[in-house]
Amino acid sequence: MTGTGGQLAQSLAERALLHDGVELVVCGRPQLDLEIPGSAKSAIAAFAPDVVINAAAYTAVDQAEDEPERAFRINGDGAGEVAAAAAAAGAAVIQLSTDYVFDGRSSEPYREDATVNPLGVYGRSKLAGEEQARAANPRHAIVRTAWVYSPFGRNFVRSIMAAAGVRDVLTVVDDQRGSPTSALDLADGLLAMAATGAGWGETFHLAGRGQASWCEFAREIMAQCAVRGLPHVPVEPIRSEDWPTRAARPRNSVLDSGKFERTFGFAMPDWRISARAVVERLAREQAAPAA
Ligand SMILES: NC(=O)c1ccc[n+]([C@@H]2O[C@H](COP(=O)([O-])OP(=O)(O)OC[C@H]3O[C@@H](n4cnc5c(N)ncnc54)[C@H](OP(=O)(O)O)[C@@H]3O)[C@@H](O)[C@H]2O)c1
């Protein structure tokens with residue numbers, strides 16, 4: 001696996017312990033730095049892996065508008081180099097991608113064969129990574145996910161919980177819909193997929209079941225906090241126009257994960273159930289006395 005401290009990287013490291021027969025090797029900076037051309041090859045060759053999961057990425061959606069070269073280097077060329085390094089080591093590669101390859105104009109959940117049309121640099125760089133991974137390694141799988149949260153790193157659940165501790169009311173965008181996805185569930189799906197040795201040459205969607213707006217997501221987090229006696233405040237809906245961001249986001253980027261479920265027999269839980277589990281875990285960690 002590439003990446004070390006990221007949400008998916010940490011989730012894979014944790015969940016791999018629960019998957020029989022899986023030995024997960026972490027391969028991240030400084031040995032593997034996707035900003036440095038050629039870094040992937042030597043780093044991956046050292047491990048003789050069966051499958052490489054590329055969990056490393058440049059994920060700063062707004063910042064990418066100001067540093068497109070860096071985003072394309074890491075997400076585009078870097079992904080291609082990881083896929084090529086996996087091929088050279090005789091391994092398959094799972095390349096993570098994003099719902100932001102879509103423009104959001106569809107009113108339906110997106111399936112894998114829907115037309116891509118990213119609205120910003122981040123989405124374009126991830127799309128370049130899909131194309132480069134496909135070209136570099138015939139034993140590739142592209143897995144698009146969305147709205148990732150976890151007990152780790154920076155994410156929406158942790159930001160909302162932190163904001164509730166310092167504000168009286170939160171205003172959250174209500175006209176963008178997507179599929180909130182627990183990185184822990186995503187890790188379980190990817191590990192199940194890797195163990196089957198099937199699916200190469202294909203693109204899949206893998207995201208939390210159901211859909212929500214950011215506002216609905218925030219309200220669910222607040223409801224879960226209320227149940228646990230954690231700080232919780234009202235959440236007011238606003239429009240995207242009232243929350244200007246550097247990068248445009250799709251209005252609808254709900255992903256249909258049916259193909260993954262049919263292919264691997266793995267169904268993602270409903271996003272509300274997984275969000276509850278993450279809030280519960282964060283609550284326990286907050287309550288635990290410091291070691
Ligand atoms: N977060 C989301 O909402 C979301 C949505 C859709 C798709 N995705 C995709 O899902 C995958 C996992 O995302 P995530 O949420 O786990 O991301 P994340 O928490 O931002 O973690 C990014 C990871 O990439 C690594 N990384 C960044 N630059 C690197 C470089 N130059 N060389 C090597 N490693 C580098 C980081 O390494 P360090 O540990 O060294 O910092 C970290 O482990 C990515 O492909 C992302 O595009 C994410």
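## Surroundings of the ligand

The residues of the shell around the ligand divide into 13 nonpolar, ten polar and five charged, where Ala, Val, Leu, Ile, Met, Phe, Trp, Tyr, Cys and Pro count as nonpolar, Asp, Glu, Lys and Arg as charged, and the others, Gly among them, as polar. The model is predicted, and local features need pLDDT of at least 70, side-chain atom pairs count only at pLDDT 80 or more, and totals for chains, interfaces and linings use all residues. Residues are numbered from 1 along each chain as its sequence is written.

Of the 28 residues around the ligand, those that come nearest are Gly-3, Gly-5, Gly-6, Ala-56 and Leu-96; a residue is near if its C-beta atom, placed from the backbone, lies within 6 Å of the molecule. Two or more residues of this shell are given by each of helix H1 (7–16) and strand S2 (92–98), and H1 provides the largest share, three residues. Helices (H or I, at least four residues) and strands (E, at least two) are DSSP runs, numbered from the N terminus.

## Helix H1

Eight of the ten residues of H1 are buried, that is, 20 or more other C-beta atoms, placed from the backbone, lie within 10 Å of their own. These buried residues are Gln-7, Leu-8, Ala-9, Gln-10, Ser-11, Leu-12, Arg-15 and Ala-16, and what covers them includes strand S1 (51–54), S2, strand S4 (148–149) and helix H6 (183–196).

## Strands S5 and S10

Strand S5 (residues 170–173) has Leu-170 and Val-172 on its covered face, whereas Thr-171 and Val-173 form the uncovered one. S5 runs parallel to strand S10 (residues 235–238), to which four bridges join it, and Val-172 has Pro-237 as its bridge partner in S10.

Conventions: A residue is buried if 20 or more other C-beta atoms lie within 10 Å of its own, exposed if 12 or fewer, and partly exposed in between; C-beta atoms are placed from the backbone. Two strands pair if DSSP finds at least two bridges between them. Two residues are in contact if their C-beta atoms, placed from the backbone, lie within 7 Å.
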